[in-house]
Amino acid sequence: MKGPRKRRSQFLIITGMSGAGKSQALHCLEDLGFFCIDNLPVGMLSKLAELCAESGGRLSRVALGIDIREGIFLNEFFIALDDLEERGGDHRILFLDADDRTLIRRFSESRRRHPLGKRVGEGIHEERRRLREIKAAADQIIDTSALTPGELKDRLSSL
(Lines give C-alpha, C1' and ligand atoms only; values in the text may rest on other atoms or scores of the structure.)
Protein backbone atom coordinates (compact mmCIF):
# COMPACT_ATOMS: atom_id res chain seq x y z
CA MET A 1 0.00 0.00 0.00
CA LYS A 2 1.35 3.38 -0.99
CA GLY A 3 1.60 6.28 1.45
CA PRO A 4 -0.19 9.57 0.92
CA ARG A 5 0.76 11.31 -2.27
CA LYS A 6 2.89 14.36 -1.70
CA ARG A 7 1.07 17.47 -2.88
CA ARG A 8 3.03 19.68 -5.26
CA SER A 9 3.05 23.39 -4.55
CA GLN A 10 1.48 25.63 -7.18
CA PHE A 11 3.50 28.76 -7.98
CA LEU A 12 1.98 31.64 -9.91
CA ILE A 13 4.76 33.91 -11.16
CA ILE A 14 3.47 37.46 -11.61
CA THR A 15 5.71 39.48 -13.89
CA GLY A 16 5.43 42.06 -16.62
CA MET A 17 5.82 45.72 -17.26
CA SER A 18 6.50 48.11 -14.40
CA GLY A 19 3.29 50.02 -13.76
CA ALA A 20 1.05 47.30 -15.20
CA GLY A 21 -0.35 46.26 -11.81
CA LYS A 22 1.84 43.53 -10.33
CA SER A 23 1.49 44.85 -6.77
CA GLN A 24 -2.28 45.18 -7.20
CA ALA A 25 -2.42 41.63 -8.58
CA LEU A 26 -0.52 40.29 -5.57
CA HIS A 27 -2.96 42.02 -3.20
CA CYS A 28 -5.88 40.43 -5.08
CA LEU A 29 -4.26 36.99 -4.99
CA GLU A 30 -3.62 37.35 -1.28
CA ASP A 31 -7.36 38.00 -0.84
CA LEU A 32 -7.97 34.80 -2.84
CA GLY A 33 -5.91 32.73 -0.40
CA PHE A 34 -2.47 32.74 -2.00
CA PHE A 35 0.71 33.15 0.03
CA CYS A 36 2.29 36.16 -1.72
CA ILE A 37 5.86 37.40 -1.94
CA ASP A 38 6.85 40.50 -3.90
CA ASN A 39 10.26 41.14 -5.45
CA LEU A 40 11.72 37.73 -4.65
CA PRO A 41 15.20 37.25 -6.15
CA VAL A 42 15.01 34.40 -8.64
CA GLY A 43 18.00 32.75 -6.96
CA MET A 44 15.79 32.10 -3.93
CA LEU A 45 13.09 30.17 -5.81
CA SER A 46 14.63 26.77 -5.13
CA LYS A 47 14.88 27.47 -1.38
CA LEU A 48 11.26 28.64 -1.36
CA ALA A 49 10.23 25.43 -3.14
CA GLU A 50 11.96 23.41 -0.42
CA LEU A 51 10.18 25.37 2.32
CA CYS A 52 6.83 24.87 0.60
CA ALA A 53 7.45 21.14 0.24
CA GLU A 54 8.25 20.93 3.96
CA SER A 55 5.17 22.94 4.96
CA GLY A 56 2.85 19.95 4.94
CA GLY A 57 0.53 21.59 2.41
CA ARG A 58 0.20 24.90 4.25
CA LEU A 59 2.06 26.66 1.41
CA SER A 60 0.43 24.98 -1.55
CA ARG A 61 -0.60 28.10 -3.49
CA VAL A 62 2.12 30.73 -3.79
CA ALA A 63 2.13 33.90 -5.88
CA LEU A 64 5.48 35.55 -6.58
CA GLY A 65 6.04 39.04 -7.88
CA ILE A 66 9.27 39.01 -9.87
CA ASP A 67 10.20 41.90 -12.10
CA ILE A 68 12.86 43.94 -13.85
CA ARG A 69 14.23 45.26 -10.54
CA GLU A 70 15.89 41.86 -10.19
CA GLY A 71 19.32 42.65 -11.62
CA ILE A 72 20.08 39.19 -12.99
CA PHE A 73 16.43 38.58 -13.77
CA LEU A 74 16.71 37.55 -17.40
CA ASN A 75 19.90 35.55 -17.03
CA GLU A 76 18.56 33.18 -14.38
CA PHE A 77 14.76 33.30 -14.74
CA PHE A 78 14.24 30.15 -16.84
CA ILE A 79 16.97 28.22 -15.02
CA ALA A 80 15.29 29.02 -11.71
CA LEU A 81 11.90 27.86 -13.04
CA ASP A 82 13.39 24.54 -14.17
CA ASP A 83 14.92 24.10 -10.73
CA LEU A 84 11.57 24.93 -9.13
CA GLU A 85 9.92 22.12 -11.10
CA GLU A 86 12.63 19.66 -10.07
CA ARG A 87 12.05 20.52 -6.40
CA GLY A 88 8.34 19.79 -6.53
CA GLY A 89 6.73 23.02 -7.63
CA ASP A 90 4.44 23.48 -10.60
CA HIS A 91 4.38 26.96 -12.04
CA ARG A 92 2.46 29.24 -14.35
CA ILE A 93 3.62 32.62 -15.59
CA LEU A 94 1.19 35.54 -15.62
CA PHE A 95 2.49 38.52 -17.58
CA LEU A 96 0.83 41.87 -16.91
CA ASP A 97 1.09 44.47 -19.64
CA ALA A 98 -0.37 47.84 -20.54
CA ASP A 99 0.06 50.18 -23.46
CA ASP A 100 2.83 52.78 -23.30
CA ARG A 101 0.45 55.71 -22.86
CA THR A 102 -1.17 54.07 -19.83
CA LEU A 103 2.18 53.18 -18.27
CA ILE A 104 3.48 56.73 -18.74
CA ARG A 105 0.29 58.11 -17.14
CA ARG A 106 0.57 55.73 -14.19
CA PHE A 107 4.20 56.70 -13.58
CA SER A 108 3.25 60.36 -13.79
CA GLU A 109 0.37 59.93 -11.33
CA SER A 110 2.52 58.05 -8.83
CA ARG A 111 5.50 60.39 -9.36
CA ARG A 112 7.78 57.38 -9.40
CA ARG A 113 10.87 56.92 -11.51
CA HIS A 114 11.15 53.97 -13.85
CA PRO A 115 13.03 51.14 -12.09
CA LEU A 116 15.68 51.06 -14.82
CA GLY A 117 16.67 54.58 -13.79
CA LYS A 118 15.91 56.10 -17.18
CA ARG A 119 13.33 58.61 -18.31
CA VAL A 120 9.97 56.87 -18.20
CA GLY A 121 9.48 56.51 -21.97
CA GLU A 122 13.02 55.21 -22.48
CA GLY A 123 12.66 52.84 -19.51
CA ILE A 124 9.44 51.40 -20.88
CA HIS A 125 11.01 50.80 -24.28
CA GLU A 126 14.07 49.10 -22.73
CA GLU A 127 11.95 47.03 -20.36
CA ARG A 128 9.76 45.76 -23.22
CA ARG A 129 12.89 44.68 -25.07
CA ARG A 130 14.31 42.86 -22.04
CA LEU A 131 11.02 41.10 -21.19
CA ARG A 132 10.17 39.96 -24.72
CA GLU A 133 11.31 36.36 -24.15
CA ILE A 134 9.49 36.03 -20.83
CA LYS A 135 6.30 37.47 -22.29
CA ALA A 136 6.50 34.90 -25.11
CA ALA A 137 6.77 32.10 -22.51
CA ALA A 138 3.86 33.34 -20.38
CA ASP A 139 0.90 31.05 -19.79
CA GLN A 140 -1.40 34.06 -19.57
CA ILE A 141 -1.08 37.72 -20.58
CA ILE A 142 -3.42 40.33 -19.18
CA ASP A 143 -3.51 43.82 -20.62
CA THR A 144 -4.42 46.08 -17.72
CA SER A 145 -4.63 49.30 -19.76
CA ALA A 146 -8.40 49.62 -19.38
CA LEU A 147 -8.96 47.48 -16.27
CA THR A 148 -10.06 48.81 -12.90
CA PRO A 149 -8.62 47.08 -9.81
CA GLY A 150 -11.95 45.27 -9.39
CA GLU A 151 -11.88 44.02 -12.98
CA LEU A 152 -8.30 42.81 -12.50
CA LYS A 153 -9.39 40.89 -9.40
CA ASP A 154 -12.23 39.29 -11.38
CA ARG A 155 -9.79 38.23 -14.11
CA LEU A 156 -7.38 36.78 -11.55
CA SER A 157 -10.09 34.87 -9.71
CA SER A 158 -11.16 33.24 -12.99
CA LEU A 159 -7.66 31.89 -13.69
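At what angle do the axes of H1 and H6 cross, and within what distance do they come?

A: The model is predicted, so local features need pLDDT of at least 70 and side-chain atom pairs pLDDT 80 or more, while totals for chains, interfaces and linings use all residues. Residues are numbered from 1 along each chain as its sequence is written, and side-chain values use heavy atoms, without hydrogens or water.

The axes of H1 and H6 cross at roughly 55° and come within 10 Å (axes are lines fitted to C-alpha atoms over the stretch in contact, with angles from 0 to 180 degrees between N-to-C directions). The crossing is right-handed (the near helix is turned clockwise from the far one by less than a right angle). On the H1 side, Gln24, Ala25, Cys28, Leu29 and Asp31 meet Pro149, Leu152, Lys153 and Leu156 of H6 (contact means heavy atoms within 4.5 Å). By class, six residues of this contact are nonpolar, one is polar and two are charged (Ala, Val, Leu, Ile, Met, Phe, Trp, Tyr, Cys and Pro are nonpolar; Asp, Glu, Lys and Arg are charged; the others, Gly among them, are polar).

Next comes the largest pocket, which holds about 480 Å³ of space (an open set of points on a 1 Å grid where a 1.4 Å probe fits, with protein on both sides within 12 Å along at least five of seven lines; lining residues have an atom within 4 Å of a point). Its lining has 21 residues, and Gly19, Ala20, Gly21, Lys22 and Ser23 are the closest to its centre. Helix H1 (22-31), helix H4 (100-110) and helix H6 (149-157) each give two or more residues to this lining (helices are DSSP runs, H or I, of at least four residues). H4 gives the most, with four residues. The lining divides into six nonpolar, eight polar and seven charged residues.

H4 also packs against another helix, H5 (residues 120-137), and their axes come within 10 Å and cross at roughly 130°. H4 is therefore oblique to H5, and this crossing is right-handed. Asp100, Leu103, Ile104 and Phe107 of H4 touch Val120, Ile124 and Arg128 of H5. That contact has five nonpolar, no polar and two charged residues.

Definitions and conventions
Points joined across faces, edges and corners; volume = space filled by probe spheres on them. Parallel < 35°, antiparallel > 145°, perpendicular 65-115°, else oblique.
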